[in-house]
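Please look at the two chains together before turning to either one alone. The report below begins with the interface and then moves to the chains and to selected residues.

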Amino acid sequence: MSSDAKLLRKLSAGGNPGVAFETLYARHKDAIYRYAVVVSQSSSIAQDATQETFVQMIERAGDYDASRSTSAIGWLYGLLRNNVRRHLRDTTVELQAADEGVSLSTERLVELSSAVTQLNAALPQLKVEQREVLYLVALQGLDYEATSEVLDIPVGTVRSRLSRARSALRTAMQEGEHSETMAVIHG
Amino acid sequence: MVNKDTELDQHLAAYKEALDDVKAPAEIEARILAAVQSPEQPKVRFAFTKYFPRQNWLPWGFAAVLAVFGLSVVLSPDSAVSVSPDNPKIVLASVSRQYPVRVHSLARGAEWRFMQSQVIKDQRGNTRLVVVNPAWRSE
């Protein structure tokens, strides 16, 4: 199986994107889309940002620095992050995010514990930069150094943002739990 | 109640498992390929920057200005440079322009440099450009 770096070199040669694009897309599309969904809290923004990211991947394949890593996922996250943030700047989706949330299927939500559904409902209350760090470190398992490269921030900032994100998430989930309890008590 | 880090980590792990069900919609791939293979031609300004990157504009622009200037002096139909027989300090050049310009001294042996000039009319009414002869040295 060809590495991302080799596939990107083929893409940078120009012409029909072909198999190189299909392979890269199949390999990374879901991770990219999930990041966009979690950070933007909007499936429409996530779709647009994902599309733009992979178009940029094709157009800028020659910019990829293979010496940094053979996996392009970090580079793609960087492109995606700018696209998501641009969409969030251009729209008022943050005001809508509390209602929309992440588009997990209803069947799946029913299977999961109530705490997970609370987490799903609490995420929109975090700041964008907190969701970014939370997704990359807590959900994708990237280490602090890789995350700092993707987000273009110092490692120390990654640590502090993650700490604040976890604290904010805990608070939001506790408030959500309290609201549910009060709703049950008062009918 | 979520009071402990370990509890939050467990919830995050469960959430990640749920997130695995989230897939990129199938239609995105077709839209990507359509966007990349669009027959739309690049705008002229982008084509320009492809061959003339911004970082080269300043030196290219400066060179273009110099070239235009040099050509304008050399190719001017009225230009002719000679040392005044009356005063070797003066280099005379006839030019068609009616205003003071910076000129490149073309006198033999002169150093290449710019100097301020003055446009005058000689006794016959011809427009003459007067500059200091850079090759002149007081004896």
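The area buried between chain A and chain B is about 3,200 Å², and carbon and sulfur atoms give 65% of it; buried area here is the accessible area, taken with a 1.4 Å probe, that two parts lose on being put together, summed over both. Within the share that chain A buries against chain B, Arg34(A), Leu139(A) and Arg166(A) supply 18%, more than any other three residues. This is a predicted model, in which local features need pLDDT of at least 70 and side-chain atom pairs count only at pLDDT 80 or more, while totals for chains, interfaces and linings use all residues. Residues are numbered from 1 along each chain as its sequence is written, chains are lettered from A and ligands numbered from 1 in the order in which they are written, and side-chain values use heavy atoms, with hydrogens and water left out.

Counted by contact, meaning heavy atoms within 4.5 Å, 36 residues of chain A touch 29 residues of chain B. Across this interface the rule finds nine residue pairs in polar contact, both residues being at pLDDT 80 or more; a polar contact is a pair of N or O atoms within 3.5 Å, where within protein one must be able to donate a hydrogen and the other to accept it, and residues adjacent in sequence count only if both atoms are side-chain atoms. On the side of chain A that touches chain B, the elements giving two or more residues are helix H2 (18–40), helix H3 (43–59), helix H7 (114–122), helix H8 (128–139) and helix H10 (155–186) of chain A. Of these, H2(A) gives the most, with eight residues. By class, that side of chain A has 21 nonpolar, seven polar and eight charged residues, where Ala, Val, Leu, Ile, Met, Phe, Trp, Tyr, Cys and Pro count as nonpolar, Asp, Glu, Lys and Arg as charged, and the others, Gly among them, as polar.

The rule also finds four salt bridges across the interface of chain A and chain B, a salt bridge being a side-chain nitrogen of Lys or Arg within 4 Å of a carboxyl oxygen of Asp or Glu. One of the salt bridges in the model joins the side chains of Asp5(B) and Arg166(A), at 3.5 Å from N to O.

Arg34(A) lies in helix H2 of chain A, and it counts as buried because its relative accessibility is 11%; buried means under 20% relative accessible area, exposed over 50% and partly exposed in between, with a 1.4 Å probe and protein chains only. Leaving aside its neighbours within four places in sequence, Arg34(A) is in contact with Tyr135(A) and, in chain B, with Leu19(B), Asp20(B), Val22(B) and Lys23(B).

The two chains can be set side by side. Helices (H or I, at least four residues) and strands (E, at least two) are DSSP runs, numbered from the N terminus, and accessible areas come from the Shrake-Rupley method with a 1.4 Å probe, for residues with only the protein chains shown as cover.

| Property | Chain A | Chain B |
|---|---|---|
| Elements | 10 helices, zero strands | four helices, six strands |
| Buried residues | 50% of 187 residues | 24% of 139 residues |

From the N terminus on, the elements of chain B run α-α-α-α-β-β-β-β-β-β. Among contacts with a separation of 6 or more, residues 24 or more positions apart account for 69% in chain A and for 39% in chain B.

Within chain A, Gln130(A) has its place in helix H8 and counts as buried because its relative accessibility is 11%. Leaving aside neighbours within four places in sequence, Gln130(A) is in contact with Arg161(A), Arg164(A), Ala165(A) and Ala168(A), and a polar atom of its side chain lies 3.0 Å from the backbone nitrogen of Lys127(A).

Two residues of chain A deserve a look at their backbone angles. Most residues other than glycine have a negative phi. Gln41(A), in the loop between H2 and H3 of chain A, has a positive phi of about 60° although it is not a glycine, and Gln41(A) counts as buried at 0% relative accessibility. Asp152(A), found in the loop between helix H9 (144–151) and H10 of chain A, likewise has a positive phi, near 60°, but Asp152(A) counts as exposed at 68% relative accessibility.
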